[in-house]
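Hello,

Here is the structure I promised to pass on to you. Have a look at it first, and then read on for what turned up.

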Amino acid sequence: MSPPLQSIVALAVVALAATWLVRRALAKKKNPGCGGDCGCAAPDAKFRIAKNPRP
């Protein structure tokens, strides 16, 4: 591959990656907080654990 073509392809890849990262960062979150299946404890469970910690 010639150096000018290689530079163009590399710049295109970088531009696509930067665009993807910016769009992902600015996108609205669908489930803010603990509303989905994230594996974290429910808010009431966190409250009970904080109130009665195990020894």
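Accessible areas here come from the Shrake-Rupley method with a 1.4 Å probe. On that basis, the accessible surface of the protein comes to about 5,400 Å², and carbon and sulfur atoms hold 65% of that surface. Please keep in mind that this is a predicted model.

As for the fold, the protein has two helices and zero strands. Buried residues make up 0% of its 55 residues; to count as buried, a residue needs under 20% relative accessible area.

Helix α1 covers residues 3-26. With 24 residues at 1.5 Å each, α1 should span 34 Å, and this agrees with its end C-alpha atoms, which are 34 Å apart. The number of buried residues among the 24 in α1 is zero, so the helix lies largely in the open.

Key. Residues are numbered from 1 along each chain as its sequence is written. This is a predicted model: local features need pLDDT of at least 70, side-chain atom pairs count only at pLDDT 80 or more; totals for chains, interfaces and linings use all residues. Side-chain values use heavy atoms; hydrogens and water are left out. Helices (H or I, at least four residues) and strands (E, at least two) are DSSP runs, numbered from the N terminus. Buried means under 20% relative accessible area, exposed over 50%, partly exposed in between (1.4 Å probe, protein chains only). The expected span of a helix is 1.5 Å times one less than its number of residues.
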